[in-house]
Structures are given as structure tokens and as C-alpha cells.
Amino acid sequence: MKILTANRLTDGEAVWLCADHSWAETIDVAEIARDAATEEKLERAGKAALCKNEVVDLALVDIDLVDGRIWPKRLRERIRAAGPTNRTDLGKQARAFPGAERPLHAEEGARRSGISIAA
Amino acid sequence: MYRYDEFDHQFVKARTAEFADQVERRLAGELTEDQFKPLRLMNGVYLQLHAYMLRIAIPYGTLSSKQLRMLAHIARTYDKGYGHFTTRQNLQFNWPALSDIPQILADLASVEMHALQTSGNCIRNVTADHFAGAASDEVADPRPYAEILRQWSSVHPEFSFLPRKFKIAVTGAERDRAAIQVHDIGLHLKKNAAGELGFAVYVGGGQGRTPLIAKKVRDFLPEEDLLTYTTAILRVYNLNGRRDNKYKARIKILVHETGTEELTRQIEAEFAEIRNGELKLPQADIDAIERYFAPPALPDRPEGMVVEASAKLANPAFASWVKRNVNPHKNPDYASVTISLKGIGEVPGDATDAQMDAVADLAEELAFDEIRVSHEQNLILPHVARADLKEIYKRLEAIGLATANAGLVTDIIACPGLDYCALANARSISVAQEISNRFGSQARQEEIGELKLKISGCINACGHHHVGHIGILGVEKKGTELYQITLGGSGDENTSIGEIVGRGFTAEEITDAIETVVETYLALRTDKAEDFLAAYRRVGAAPFKQALYGAEAKAA
């Protein structure tokens, strides 16, 4: 089984092609190709989006279904789908929690103009 | 520090405007990705796993407080509140939107910075000893020559489309802290018997999939011939370097395939043709650039010795930090401070916007407004009065940057690896963090002593694993990460390439394996004065193989 992934042109965000030819920011809703014909269909749609300058770096990705959810075979693709493993506060994995994108730095950012560095 | 002249300002401004136009045309669909990709790469913009990445040049690793504050500003405003200092003294942002990059470059240009030639098959950012201009063992400051090379190589019409990228490093001391022998050209600034300045020239070093140590092609090149000789090397390379195979395109392969003697003959022949041409450096020009790098006026601070000694007695943690992170300065009242970006369990080389701001403040107030980035992914304050070390330490402690581990096992170099990089095969950061936590005890690290551990997440070797005393290379095997250990590498004046010790280890096994290597060393060293590398060079790989693989090692 395969899904089609790319990066969005404007900001590089990892995206996946859905059945309605839109690009989703989460892997869960990607259209799954279970046969060569569907793979070709995904690739055609991807190339069209490439030509329209919506996305770059198209790739078909091998996946399994684990408990009904898409699970890329390669760690690389699992990291693309979630974010850096060492910073779960960053990337897609952080978005489940509103405002969680920058928790390590929010506090520091708030006091940035008057950093207190006295002991 | 070097200050842009009118030409530099106009040049960087024009390039920023040019790239802004290219981005606009790309976003409007007037340029295809195939057309745009080489343009964005020339401006330091990569596409990684999660987003674009912008690599910003920090020439020879030298920054002012104002420049570091601008990097903090960019991290905060356009990125996710941190930056990653790299093994080539640069800084990478991992999350910028393409549409924001023109504004980021404009912000950078306002503080005399840019991202030019941080990618592509051109002459990259020239690196130098991070203690340049300060170290007590230095013959002369290598940075003026690095700056001359920077000016000469910027959009050089003949050398902007080389067979492959080209990296130059310069050191001004016998003790090589710039790893010059693993660069395409390594320059060792030194004096001849007559007291004149010049360079020993090394060519064809590099890491990557074919690690090779550079060959010395000149024992002494007069300083006035710096650009002519470099031009001669690049011409020979540009003409004869392989363009048919990306993996054989670096100059190291040309040196290897041609032979040092023949290649030297070709370089010298080209040099003889152009030696007395327009590239010969007039002494007045060298002097003019050198004036930019004149050391700051350092007032006498004789109280330093007493202040430092009493502070050490009062605070053992401070004493540890001074022992590890403070380097001798030309002026005995002063020292150079290594600010470790390797807090225990932290990401090697990462700094938050707040930390960058705080270091900038510290440099401005107590360190003559100067900061360096080391290729070992730390920051340096090159000129600090010993009398101020206690205050510096206190303030670094408050921002989590006072880890006393420079040169110890937790001072790990690691590339971004598979957590960010599109080329990586395995993660580096998580391995570095686990090893750092395992060896995090100050007493244990100090007992182990000097040990350079370097991790790369793929064979391109951005994490310099080939020259780690212990190197770790991450590969992908059957869909999982596997880590190969190399031992005995070194990137100093006695450069050596580490040897692969045996089969790889999984992510779950690698930290235990490293601990086994370290414990084996501790058991076999003659005494504490024999560091890991010396011990390895004495005994070889056998005891380590035995400890790691047991009976399996004997069978092999």
C-alpha cells in the first residue's frame, strides 16, 4: 500500500494527498493506493499539483495499516508525519495541544526584552 | 572585526533584492521548482523533512553582539525560537517559510550577514580556529586571510560551478583546532626561519563516504601568494575534477587518483603562470584587512589571578568549569571562554533565542563585543578578563549554559540527523542525548578525561564521525536504524580516520556499546594522563573488539 506525500511550496510543510485531491497536513486522511492503478492516479494528481506550484518533492510512500491507521514503513516518513522525535513540542505532533508549538520557548520569549540573567 | 565597506553593503543588498524577486516569481508560479532550486540553494535555502531550512554564513565563526541578537530575533520572529549551530561554524534555522525568507535575508543584511554560498558547488564559508586572535599558542590571527578568501571567493565567476562543493579552513597555531586536514584546502599559517608569514598548504582532505586526509603540497607559501596559489589549485580541480559521478567529484578524489606528486606539479605549473599577476596580494591590502581584526585594547587586570583562585576555592563547580571551558589567552590577565551548547541531555549546538540574546549581552558587557562559533558546535567568548570569569560563569549558569564539559565525552558533535535532515538515514540527536545522559556525572566525565565523540546520521559525515576519537555513523538497515562505531579518529594536527570496529548496534544498544568502549579504555589506560586517543593508538582495536563482540570477535 502506498500514499502520496509532498512538501507545500510556500512553507515546506509536509502534506499528503487526499481522495478529493486536496493536500492534508496530517497523514491520517491520506488516500491509500492498494493497487497500481490507484498509485498512478495519485501520481497524476500529484504531478498536476506540482505543475500548479502547490507542492514540491513528490514521493509515493510505502505504508502498513496498524489498528486501522496509516503507519509508514520507513522511520523517515513517520518522523515527517509527526515532527522531530527529540522535540515533541514541535511539528505536527504538537498541534493536538493548542499553543503547544513552542512551550519550551514561550516563557523565555515573553521575557526576552528584559532577560533577567542574575543568579 | 571586519566591517562591510560600501561595496559589501551594495553587493549583499543587491543579492537580497535579487533573491526576493526570485522567491516572488516562484510563489507566483513564474519559475518552476527545477528552475528555482539552484537559485534557492545559492542563497542557503534547503528543503528538509518538515520545512525549509535556512543556513546562514558566519564567516570564520566570528559574530558581534548585534549580529547574535539579530539571529535571536529571527529565531523568535520567523522560526520556532531556536537555532542550530553547525560543524561549519554556521547557523541553521529549521522552520522558516519560503515566503518569509526575503525578509529574513534583509534583516541579516542590516547587520552585515547573509546566507550566500552556504550551499552549492562553490567555495563555501571559510572556517578558522575559534580561538583566533586570542589563543596563547597562535603565530598570527588566521581570520584576515579567511576574510581575504571570503572576498575573493564571493560569486567568483570562475569558481561558482565547480565539480562539487569546496571547503577551506585556516589555522594560525601548531595545535590545529580547525580540522584543516579534512578540508578541500587546509591552510596552516606559520612563520619561516626568516620570520616571514606564510602557509603550509594541504589539499584534498575530506570526510563523507570516502574519508581522506589532506596531502601537504607546499610547506611554505608566502602570504602574498595566497590567492594565486589557491586559484592555481582550484583551476586544476575545476579542469580535472570528475563531473561524471557526484560521489567522486570532490578534490580529494582527484588528489587520490592523480597522485600527490603529479597534482602538485600541475598546481605549481599553473601557479608559475599566474604568480606575478593581479592576484598577488599587496602588503598594504593585507595590512588594511588585518587592521579590522586588531585585538581589542585589553586593560591590565592583574587582580584576575587572585579573584579566580578564591572563587575556585569557594565553588568547586566553578573550578571544574574553569578547568574545562577556559583557554589560555595571549594576555595572561585574560582568557577565552567556551560556552558549552552541550548541556547534559540537550541537543548539541542548539540555542534558544533567549540564550542567544543573553550571550550577546554578556559579550557586549564583559567580552569586548565578540563571540565565536566553534566547529565543535559551541560558542566562544574570545577575550574575557580572568577577573570577570566568576561573573561570566554566574550569568551563564542562570541561562543553562555553564556546563563544564568542553572536550569531555558529553561535548558531542552531532548533525541534525533524521529528526530534520532529508539526507539522513538515522537519528543523531537522540543518540547524542542518551549518551550525554549516561555520562552526565561531572566526576565520571572528568575521570574519563579528554574524549571527542562525534555522530553522523548518514555517510555524508556532517557530524565528523570519521575524526571522532569515538565516531558513530547511523545507517538504515532493513528499515531500522543501525549505528556503526569507529575508533581512533582525530581532526587535529595529527589527523587520523577512525577505523570501523565491527558490526553495528541498534538504537537501543548503542549507548551500552559506547559505555563498553569507555570502560574498556579506563581498564587498559596506563594512567589518567593517557587519554582515550593515546591509549587507542597504543593498543589498537583488538581489546575494544573483544569487549564489544567477545567470542564473535575472535571468530572474525
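## A parallel pair in chain B

Strands β6(B) and β7(B), the latter spanning residues 168–171, run parallel and are joined by two bridges. Within this pair, Ala128(B) has Val170(B) of β7(B) as its bridge partner. The model described here is a predicted one.

The two strands belong to an open sheet of five strands in chain B, ordered β6-β7-β8-β9-β10, and the pairing in this sheet is mixed. Its edges are β6 (127–128) and β10 (215–222) of chain B; each has a single partner strand, so one side of each has no neighbour in the sheet. Strands of a sheet pair through backbone hydrogen bonds, either parallel or antiparallel. Helix α5 of chain B, residues 143–153, lies across β6, β7 and β8 (185–191) of chain B. The angle between α5(B) and β7(B) is about 160 degrees.

What does Val359(B) touch, leaving aside residues up to four places away in sequence? Its contacts are Leu68(B), Ile339(B), Ile371(B) and Leu379(B).

## An enclosed strand

Strand β2 of chain B covers residues 52–56, and five of its five residues are buried, so the strand is largely enclosed by the rest of the structure. Both of its faces are covered. Tyr52(B), Leu54(B) and Ile56(B) are buried on one side, while Met53(B) and Arg55(B) are buried on the other.

Which strands pair with β2(B)? Strand β1 of chain B, residues 45–47, runs antiparallel to β2(B) and is joined to it by three bridges. Together, β1(B) and β2(B) form a hairpin, with four residues between them. Tyr46(B) has Met53(B) of β2(B) as its bridge partner. Strand β5 of chain B, residues 91–93, also pairs with β2(B) in the antiparallel sense, over three bridges. Here Ile56(B) stands opposite Leu91(B) in β5(B).

## Two crossing helices

Helices α10 (residues 304–314) and α11 (residues 316–325) of chain B have axes that come within 5 Å and cross at roughly 125 degrees. The two helices α10(B) and α11(B) are therefore oblique to each other.

## Chain A and its side facing chain B

Chain A has three helices and five strands. Along the sequence these follow the pattern β-β-β-α-β-β-α-α. The chain has 119 residues, of which 32% count as buried. Among the contacts in chain A with a separation of 6 or more, 43% are between residues 24 or more positions apart.

How many residues of chain A are in contact with chain B? The number is 32, and they are in contact with 35 residues of chain B. The elements of chain A giving two or more residues to this side are β4 (55–66), α2 (75–82) and α3 (103–110). Of these, α2(A) gives the most, with four residues. The side of chain A that touches chain B is made up of 11 nonpolar, 10 polar and 11 charged residues.

Terms used. Residues numbered from 1 in each chain as written. Chains lettered and ligands numbered in written order. Predicted model: local features only at pLDDT ≥ 70, side-chain atom pairs only at ≥ 80, totals over all residues. Buried ≥ 20, exposed ≤ 12 C-beta atoms within 10 Å, placed from the backbone. Contact = placed C-beta atoms within 7 Å. Nonpolar A, V, L, I, M, F, W, Y, C, P; charged D, E, K, R; others polar. Pairing = 2+ DSSP bridges. Axes fitted to C-alpha atoms, helices over the stretch in contact; angles between N-to-C directions. Parallel < 35°, antiparallel > 145°, perpendicular 65-115°, else oblique.
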